[in-house]
Amino acid sequence: MAESAVIREDYLNKLKRLKDLDVIKVVTGVRRSGKSTLLKQFRDWLYEQGVSGKQIVEINLEDLQFEELEDYHLLNQYVVERLIPGNTTYLFIDEIQNTEHFEKAINSLYLNKDIDIYITGSNSRILSGELSTRLSGRYVEIPILPLSLHEFSLLLAQTPHQSWERYRTEGGFPYLAYIPQKPERLDYLEGIYNTVLVKDIVERKKISNLDLFNRVTSYLMDNIGNPVNCTNISNYLTSSKEKTTRQTIQKYLEGLKESFIFYEVRRFDIKGKELLKTNAKYYLSDIGFRQLLTRNTRRDAGHIFENLVFLELMRRGYTVTTGIIRGTEIDFVAEDSGTRFYIQAALTVEDDQTFQREISPLLSVPDNYPKFLVTLDDWTQDVDGIRHINGVEFLNGLPLY
């Protein structure tokens, strides 16, 4: 198969809309999710618009030829020396977190109104420190995820139903589509995970007990879609004769979230209209990591499917929480620009008892926002205003409304 990247239309269109606006564009996401490829696609578009090569400055801080630019003074100097007076310079910096105190260089460069800045980062902390403080309201984050089912199917030149089994077990990291054999695909996933583990978690969080960290990570992977807190994890470790502290577990959770291995989904009290502070859920940024660490894709297939639905909602730009109503739970409450809808995700609702159990929480919601049941059943059955849709079609891009 000849290697060719799928065009990430939604992300690319957002960058096009932001071009030349007085904000820093920050593309974030787990390593190998396609951040660099997205910027390349945007640069190609700039060339098509008549921007010359002299107006583009590219720096990849994973490349040894730019190693000295991990000093923020030298990074700033390198860029300034390449500016063209009277013309806009488009600056692209990959993996900005590799430069210590990078925010000082970015802040300084931002003062020059002839620079349009685009940076990528594999750690969410790049937006929680001085950059965020000094540039409040002056940057836009573009979170990027691995490929959707639709995008992955395009790379495989298959229909979504043909690529579904591979996608739901191995995930959507773009380069996986070019690796023909499953053992080598697992090796590739392991390489990504180990890079994230070492560079983005262990080194940054100064984790010394790697075995304990991996046990906590495996616990989260085994419990995707289940309410989790530090006490749950501590009790699990204690039962395995592994003692730790709440502070240690919290540090591990922060590392996993900051590196985009996991996303935390908080619970939302629908009646009280407030976020709850306890028992959040954790979903993987790519389901392939779960197979890598658990090697069991059949067990808990329902929560794996739930994870994929969550990721699709994230790709579409929704803020996602878990809904709590009258003692029952709705998998996802998705909101964007004042719009809200509710989703239940289940593998199948073939028997009536399961069907009623899944729609009951939706029926108990007193407002009139749209409600959806997403399953892998070949048939669909709308009832009482709840729209029942096929999960593969939804993951392939079917609009909800």
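Which residues form one aromatic cluster? Phe 260, Tyr 263, Tyr 283, Phe 310 and Phe 332 do.

## Basis

This is a predicted model, in which local features need pLDDT of at least 70 and side-chain atom pairs count only at pLDDT 80 or more, while totals for chains, interfaces and linings use all residues. Residues are numbered from 1 along each chain as its sequence is written, and side-chain values use heavy atoms, leaving out hydrogens and water.

## Aromatic pairs

There are 20 aromatic pairs in the structure. Rings of Phe, Tyr and Trp (its six-membered ring) pair if their centres lie within 6.5 Å; planes under 30 degrees apart count as stacked, over 60 as edge-to-face and the rest as tilted. Phe 213 and Tyr 252 make an edge-to-face pair, with 5.3 Å centre to centre and 85° between the planes. This pair links distant parts of the chain, 39 residues apart: Phe 213 lies in helix H9 (residues 210–222) and Tyr 252 in helix H11 (residues 246–258). Helices (H or I, at least four residues) are DSSP runs, numbered from the N terminus.

Phe 213 is buried, at a relative accessible area of 0%, and Tyr 252 is also buried, at 3%. Buried means under 20% relative accessible area (1.4 Å probe, protein chains only).

## Charges over rings

The charged end of Arg 43 sits over the ring of Phe 92, 5.2 Å from its centre. Lys 113 has its charged end over the ring of Tyr 110, 4.5 Å from the ring's centre. For this, NZ of Lys or CZ of Arg must be within 6 Å of the ring centre and within 35 degrees of the ring normal.

Methods:
Helices (H or I, at least four residues) and strands (E, at least two) are DSSP runs, numbered from the N terminus. Buried means under 20% relative accessible area, exposed over 50%, partly exposed in between (1.4 Å probe, protein chains only).
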